[in-house]
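Reader: Please take me through this structure, and say for each label what it rests on.

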Amino acid sequence: MSTARFTVSPLSLPSQSNLQKQNQNQNPPWIPTPQLLCKYPILRHLSSCKTLKDLTQIHAQTITTGIFSDNFVASRILSFAALSPHGSIPYARFLFYRIRKPDIFIANTLIRAYAFSPNPIDAVVFYSEMTESSVVFPDVHTFPLLLKACSEIPSLRLGEAIHSHVCKLGWSSEVSVSNFLVQMYASCGLIESAELVFDRTPECDGASWNIMIGGYLKCGVFESARRMFEAMPDRDVVSWSVMINGYVQESRFKEGLGLFQDMMEEKIEPNESVLVNTLSACAHLGAMEQGKWIERYMERKNVRLTVRLGTALIDMYSKCGSVERALEVFHKMKEKNVLAWSAMINGLAINGQGKDALNLFSQMEMQGAKPNEVTFIGILNACSHSKLVDEGCGFFHSMTSIYGLKPNAHHYCCMVDLYGRAGMLDQAQTVIKSMPFKPNSAIWGALLNACRIHGDTELGEQVGKRLLELEPNHGGRYVLLSNIYAACGRWDRVSELRRMMRERQVSKTPGCSFIDLGDTIHEFVAGDSSHPQLEMIYAKLGEMSQELKAAGYKPDTAQETALCHHSEKLAIAFGLIKTDPGTTIRITKNLRVCADCHSATKLISKIYNREIIVRDRCRFHHFRDGSCSCMDFW
């Protein structure tokens, strides 16, 4: 595989920035206009209303004074119930049917609430009831909300029914309706239908182009999205945001970073969404230098460190192995929500600082921040990777007993992993038997990995067969079970697994490693033979092999592939060539680090006096002076 380079140069900074400018906050729809307030002073209480109980008291006063019969008053009460975080959609529905003559504005408010709720199908149900009873007649603003609901479900059948109704009422040429029809069809995977609606729209606006591009990206038609983006008559920050976010959310991180660079070169100033998604791309690729550049850009442009941006920076630095910088951002944040706390706790956990993660969780509790399910995944991972079995059990039980949270499959998987890594395989099996649902492949995979670590071939064989039944096309399961057989010399079983893979046409996921060299990300795959500096890299590998042998290193012959060609070894060799002595080498790997590479990298860090940070599929390994931060417990 050829190397990929993505450079973001400070020279491409826009000359001015509007990022620090704050948008003027619009009043919520339940806040009365000055004219309405003069007429009905009682409505002033809506500005300070914080609970549903407060709202019911205001509602009662409007009834006793008789002003609830005015639709302008009723609409404000219903808007609060429907759209405020302190409201209640069922109460809004109750209000709707007690309004003497509700109008379409009031009905659309309730449809909007349903469309953006956890149960968007209720928007369509309410619309159906509304039309059947002829309470009110829909207008052009009704259908974008209904189509939004159909996109969220998603339901092609309901979307097509709404489309049919749109055509009957003669609103199919309305651009706002067409835009949401495009979004609905794309959300349901019918990109051809989305194209047809787009092509038939009489006057497309900027939103039309952006929605169509977003539809292509959502359906994985990246080439069409890129062509349409390039053909846009006027590309603004929203257009760039759609493209960058679409690539990142579909795990095409390198392309996302490349687009961000192009955006900077065209002097288009990024919005918060672009910055967050680009930081996410940096996190997944281990591109810390480019992530640092974004942070410097934010500081230079006086971009306010919002909770969302701060959390993205914490996640980026944590996933690049720099816990210290992640903590700096965390402590600098003036406002923190549960996502920020959870990101920092998980960052400490995956970097092997389990006790620090537990201490931070205690601080979170003391500051009154309520943990959620994601927080506990981080806490349980911290316990699992640090062999804190008793602590992990305590936290698992506190989820229900203290916080009223119901453990899901991720939490049970963490518990199986916790017991399994500690060699307590019986307890791990007990956890699986006690689960209120059937174990998934991730849970069985955690137990299989524990069998590999502790050499339990008999149990490993049983679990491995279950996994192959669940995931017959998952190459990694065959490899893990094969390594268990190879470790105990059962080569006949290894050959049988290879035969099964050939018959089922299952291939192994190739090992792939990224190394961040300042403004460039280089990619290597196992056995890479296409790198332009291949001769130099393999010469360095030869030198490394001689040094390792002199230090007493013996390769693990139980592994299947040529060990010296593993992707992380290629990346390390390239890093040693291209960086100054003493520089930290940072590598991101798509698979779990194998035992041989782990042993070799420990010695390499001592031989070459380098800190080598490797992020594998599960955690970080900080190699320094011949040892690893995981203490060989991974």
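Predicted model: local features only at pLDDT ≥ 70, side-chain atom pairs only at ≥ 80, totals over all residues.

Author: Residues are numbered from 1 along each chain as its sequence is written, and side-chain values use heavy atoms, with hydrogens and water left out.

Reader: How many helices and strands are in the chain, and how do you know?

Author: There are 31 helices and six strands. Both are DSSP runs numbered from the N terminus: helices are H or I with at least four residues, strands are E with at least two. The C-alpha atoms fill a box of roughly 90 × 55 × 50 Å along the principal axes.

Reader: What domains is the chain divided into?

Author: The division gives domain 1 (25–100), domain 2 (103–203), domain 3 (418–503) and domain 4 (512–628). The bounds come from an automatic or database domain assignment. Between the C-alpha centres of domain 3 and domain 4 the distance is 27 Å.

Reader: What makes two strands a pair, and in which order do the six strands lie?

Author: Two strands pair if DSSP finds at least two bridges between them. The six strands form an open sheet with mixed pairing, in the order 2-1-3-4-5-6.

Reader: How many bridges join strand 1 to strand 2?

Author: Five bridges join strand 1 (residues 512–516) to strand 2, running antiparallel; across this pair, Ser-513 stands opposite Phe-524. Strand 1 is also antiparallel to strand 3, over three bridges, and there Ile-515 has Ile-587 as its bridge partner. Strand 3 and strand 4 (residues 612–615) are parallel over four bridges, with Ile-585 opposite Ile-612.

Reader: Why is strand 3 called largely enclosed?

Author: Buried means under 20% relative accessible area, exposed over 50%, and partly exposed in between (1.4 Å probe, protein chains only). Five of the five residues of strand 3 (residues 585–589) are buried, so the rest of the structure largely encloses this strand. Ile-585, Ile-587 and Lys-589 cover one side, and Arg-586 and Thr-588 the other. Of the 634 residues of the chain, 53% count as buried.

Reader: Why is Leu-37 called partly exposed?

Author: Leu-37 has a relative accessibility of 30%, and therefore counts as partly exposed. Its place is in helix 1 (residues 34–39). Leaving out residues up to four places away in sequence, Leu-37 touches Pro-32, Leu-43 and Arg-44, where contact means heavy atoms within 4.5 Å.

Reader: Which residues make the nonpolar surface patch, and what makes it a patch?

Author: Ile-121, Val-125 and Ile-153 make a patch of about 210 Å². Patches are made of residues with over 30% relative accessible area and no salt bridge; like charges are joined within 9 Å, and nonpolar side chains (Val, Leu, Ile, Met, Phe, Trp, Tyr) within 5 Å. A salt bridge is a side-chain nitrogen of Lys or Arg within 4 Å of a carboxyl oxygen of Asp or Glu. Accessible areas come from the Shrake-Rupley method with a 1.4 Å probe; for residues, only the protein chains shown count as cover. Ile-153 has a relative accessible area of 31% and is therefore partly exposed. Ile-153 sits in the loop between helix 7 (142–152) and helix 8 (156–169).
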